[in-house]
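Colleague: I should like to learn how to read the features of a protein model, one at a time. Could we take the structure below as the worked case?

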Amino acid sequence: MVSGSKEIRRQPKPVDRLTEDLLVQILSRVPYKSLCRFKCVSRSWRSIISHPDHRKVLSQYHLQDLAGFLYSTHDHNFSFVHNFATVSLGGRPIINPSLPFLPNCGLFNIADSCNGLLLCRCFATTDSLAFTYVVCNPATEKWVVLPGWFKKIPTARLGFDPAVSSHFHVFQFVEYGVPNSDGLMDAPDVRGDGHVQGVEIYSSKTGVWSHKDNGLELVPRIVSDSKSVFVNGFLHLLAMEFLVLAVDVEGTTWRVIPLPHDDYEDALFINTNAGFIDLSQGCLYFANSDDYEECKLSIWVLEDYSSEVWVLKHNVRYLNLFGVNVYLGQYYHIVAIHPERSTIFLVYGHGKVLMSYEMDSGKVQFIHDLGHVTDGPYLVPYVPLYSESLADGY
């Protein structure tokens with residue numbers, strides 16, 4: 001050592017003194033894009049950020065706010081046109097609604113959405129009768145093609161919770177009287193249509209489909225185009241028997257939750273087909289015309305999931321919503337309840353106007369004119385998920 005020189009010792013960086021738990025708490029407060037950059041700081045940081053145990057804390061697994069709705073229209077040639085309606089005034093679509101990244105897909109329709117992922121039926125050409133299922137994340141343009149080709153179009157829904165796992169499940173219900181993709185039946189069905197015999201479940205973890213029989217004594221009939229809700233490891237759908245049908249990801253546990261109603265002897269019979277379920281603020285919600293007064297909308301919430309006791313959260317007269325008395329399912333449709341706020345989104349009138357209603361303030365707001373040629377009343381709510389992983393995805 002040269003005489004007079006000082007020994008240079010490497011001083012530990014302050015960040016090196018942070019415990020893993022403290023570092024996770026700090027990282028949980030940074031936005032998603034910053035979190036992605038922090039993966040490059042060191043191998044230990046990358047390991048901490050990517051660790052499955054930190055899913056519920058770090059923002060890369062947190063869902064963003066409700067961005068808008070996907071829906072379809074027809075052009076003058078009667079071809080499908082995919083659109084996106086933002087819920088923020090003047091906002092631009094954050095994704096391309098035509099999903100151009102889907103593989104070998106000449107035509108597609110969206111069967112369901114769940115926590116940032118979409119379940120699509122993809123046809124190789126516009127003339128194809130057979131389709132395959134594709135699960136994709138529009139925010140990252142990653143996708144997974146599920147095994148098998150299908151012609152029948154039964155109720156198919158998606159179950160996914162990024163705070164629990166990167167894996168997803170697809171539920172294809174085995175129903176009596178389900179038509180083929182061309183709208184035709186293979187043979188007459190004496191049992192009618194929609195009655196659930198069982199379910200085929202695809203797990204992205206195993207990569208295979210498994211069949212499970214209906215585990216209930218009754219044979220419920222799923223409401224056509226029922227919104228699905230995935231919570232507590234169960235997929236929930238409305239059934240015509242005035243109940244919520246639920247099945248777990250293994251298909252081994254089935255349950256029914258009776259829907260709320262007023263105990264009036266002269267209560268009106270309300271058509272379950274017009275009802276609506278959704279997940280908001282961690283709870284299961286149900287909306288339908290009031291039992292006793294059909295010109296009033298009632299919103300119920302299942303605050304204690306295990307109790308099966310519904311609590312009336314809110315009701316509003318249609319006259320206050322629209323200025324006229326209308327009927328749920330005929331003149332308007334509920335399309336979503338905001339995942340984090342007490343806001344209902346609905347489509348009203350023959351002109352298909354997308355609007356919102358804030359339960360706390362009573363404020364009604366116009367959002368978007370969908371147009372007369374909208375294909376059906378069903379809109380697909382979309383909440384972006386900026387997670388890099390889609391199990392087994394491309």
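Modeller: Let us begin with a helix. In helix H1 (residues 20-27), the residues Leu-23, Val-24 and Leu-27 are buried. These three span an arc of only 100° around the axis, so they sit on the same side of H1. Helices (H or I, at least four residues) and strands (E, at least two) are DSSP runs, numbered from the N terminus. Buried means under 20% relative accessible area, exposed means over 50%, and partly exposed is in between (1.4 Å probe, protein chains only). The arc is that of the directions from the helix axis to the C-beta atoms.

Colleague: What is the mean pLDDT of the protein chain?

Modeller: The term pLDDT is the predictor's confidence in each residue, from 0 to 100. For the protein chain the mean is 81, and 75% of the residues reach 70 or more. A contact means heavy atoms within 4.5 Å. Where pLDDT is low, the predicted coordinates should not be read in detail.

Colleague: How many helices and strands does the secondary structure of the protein chain hold?

Modeller: The secondary structure comes to 4 helices and 23 strands. Of the 394 residues in the protein chain, 48% are buried. Among contacts between residues at least 6 apart in sequence, 49% join residues at least 24 apart.

Colleague: Which strands pair with E9?

Modeller: Two strands pair if DSSP finds at least two bridges between them. Strand E8 (residues 168-175) is antiparallel to E9, with 7 bridges, and Phe-171 has Ile-201 of E9 as its bridge partner. On E9 there is also an antiparallel pairing with strand E10 (residues 208-213), over 6 bridges; here the bridge partner of Glu-200 is His-211 in E10. E9 and E10 form a hairpin with 4 residues between them, and Gly-207 in the turn has a positive phi of about 75°.

Colleague: How many of the residues of strand E9 are buried?

Modeller: In E9 (residues 196-203), 6 of the 8 residues are buried, so the strand is largely enclosed by the rest of the structure. Val-196 lies in this strand and counts as buried at 1% relative accessibility. Not counting residues up to four places away in sequence, Val-196 touches several residues, among them Phe-173, Val-219, Leu-245 and Trp-254.

Colleague: What joins strand E21 to E20 and to E22?

Modeller: Strand E20 (residues 343-348) runs antiparallel to strand E21 (residues 353-358), and 6 bridges join them. E21 is joined to strand E22 (residues 364-369) by 5 bridges, again antiparallel. Leu-354 is the bridge partner of Val-347, and His-368 in E22 is the bridge partner of Leu-354. The hairpin of E20 and E21 has 4 residues between the strands, with Gly-349 in the turn at a positive phi of about 80°. In the hairpin of E21 and E22, with 5 residues between the strands, Gly-362 takes a positive phi near 80°.

Colleague: Where is Pro-138 found, and which residues does it touch?

Modeller: Pro-138 is in the loop between strand E5 (131-137) and strand E6 (142-145). With 6% relative accessibility, Pro-138 counts as buried. Its contacts, not counting residues up to four places away in sequence, include Ile-95, Phe-101, Leu-118 and Tyr-382. Pro-138 and Val-383 are 245 residues apart along the chain, and their C-alpha atoms are separated by 10.0 Å.

Colleague: How many disulfides does the structure hold?

Modeller: A disulfide is a pair of cysteine sulfur atoms within 2.5 Å. The structure holds 0 disulfides. For Cys-122, the nearest cysteine sulfur is that of Cys-105, 3.2 Å away. Cys-122 is buried, with a relative accessible area of 2%. For Cys-136, the nearest cysteine sulfur is that of Cys-120, 4.4 Å away. Cys-136 is buried, with a relative accessible area of 0%.

Notes: Residues numbered from 1 in each chain as written. Predicted model: local features only at pLDDT ≥ 70, side-chain atom pairs only at ≥ 80, totals over all residues. Heavy atoms only, no water.
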